[in-house]
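Dear colleague,

I am handing over the structure that we talked about, and below it you will find some notes to read alongside it. Please keep it open while you go through them.

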Amino acid sequence: MTVPAGGTVHSDGVPFTVGALESVTVTIKKKEPTGPATFHSFASATSYRANGDHRYDRSGSAFTETSDSWYFLTGVEVSGGTTARKDAVVTFGDSITDGVGSTLDSDNRYPDELAERFAAAGKPRSVLNHGIGGNQVTKDTVWAGEKGVTRFKFDALNEPNVGTVVVLEGINDFGSSSWDGSPEVSVEQLIEGHRSLIRQAHDRGVKVIGATLTPVKGSFYYTPVNEAKREAFNHWIRTSGEYDAVVDFDRALADPADPDRILPAYDSGDHLHPGDAGYRAMAQALDLDEL
């Protein structure tokens, strides 16, 4: 197959059974060098590469090159079993949804932990991770993709059987200007961006849950101005009633002794991204019945 620029291609279906939380490995063979590749930078998982055609190898010994990114593949769709229900949950956001700061190859991103909660409750549901490290709601960037208000339709709402979307995004809108020189984003601009996401979801009959922005004190994003914006935006999330429901990730991760900072036990070390325990706390903060 040849994938057109900006296009999507689906493979033929493969008839085998997978269980809840089971891992699937996909091998892709390129006919010739592709040049620059579509890739997902912060995969928090190891990919393996090899020269030549090893699709039918029973051993993985040829795959001696590794990377922490995913290439070309954007999703694996699973069908069959019980009648399809509109109960897939899409987690939409930036690097904190993406899982930056979690342990490599551990599947400890907060969407992973949420999927485990559903399975442990005896009610497994699809949880899809559409976090992109560095992504913003209001601005396109050359390295972190289209802005959230544009990609929301394609990445979140076009997924099969999606019933709920959890939105956690905006800290890059406020913080990026402090290091890349881009125009500052106001609280009002970010709110209008989130209102667009809400309208898009409701137009598709999809429930949408808004998440408060998590603490950043001590990180390179922290300034008094950015903190005031974060607190004002979180106040809107909590009190406006515009989202169908709210999950307060800010309070779930905050240090009670210094609420503008992530609790040390939840911090990956950069004071911006949670570690494994922090992502687990985020998943625990979600009400399964509201999803």
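This is a predicted model: local features need pLDDT of at least 70, side-chain atom pairs count only at pLDDT 80 or more; totals for chains, interfaces and linings use all residues.

Residues are numbered from 1 along each chain as its sequence is written, and side-chain values use heavy atoms, with hydrogens and water left out.

A pair of aromatic rings is described by the distance of the centres and the angle of the planes. Rings of Phe, Tyr and Trp (its six-membered ring) pair if their centres lie within 6.5 Å, and planes under 30 degrees apart count as stacked, over 60 as edge-to-face and the rest as tilted. By this rule there are six aromatic pairs. One of them joins Phe233 and Trp236, a tilted pair with 5.7 Å from centre to centre and 35 degrees between the planes. These two residues are about one helical turn apart, because they lie three residues from each other in helix α7 (residues 224–239); helices here are DSSP runs of H or I with at least four residues, strands are runs of E with at least two, and both are numbered from the N terminus.

Phe233 is buried, at 0% relative accessibility, where buried means under 20% relative accessible area, exposed over 50% and partly exposed in between (1.4 Å probe, protein chains only). Trp236 is buried too, at 9%. The ring of Trp236 also pairs with that of Tyr243, and since their centres are 6.2 Å apart with the planes at 70 degrees, this pair is edge-to-face. Phe233, Trp236 and Tyr243 together form one aromatic cluster.

Finally, strands β10 (residues 254–255) and β11 (residues 258–262) pair in the antiparallel sense over two bridges, pairing being defined as at least two bridges found by DSSP between two strands. A hairpin through two residues joins β10 to β11, and Ala254 stands opposite Ile262 in β11.

Best wishes
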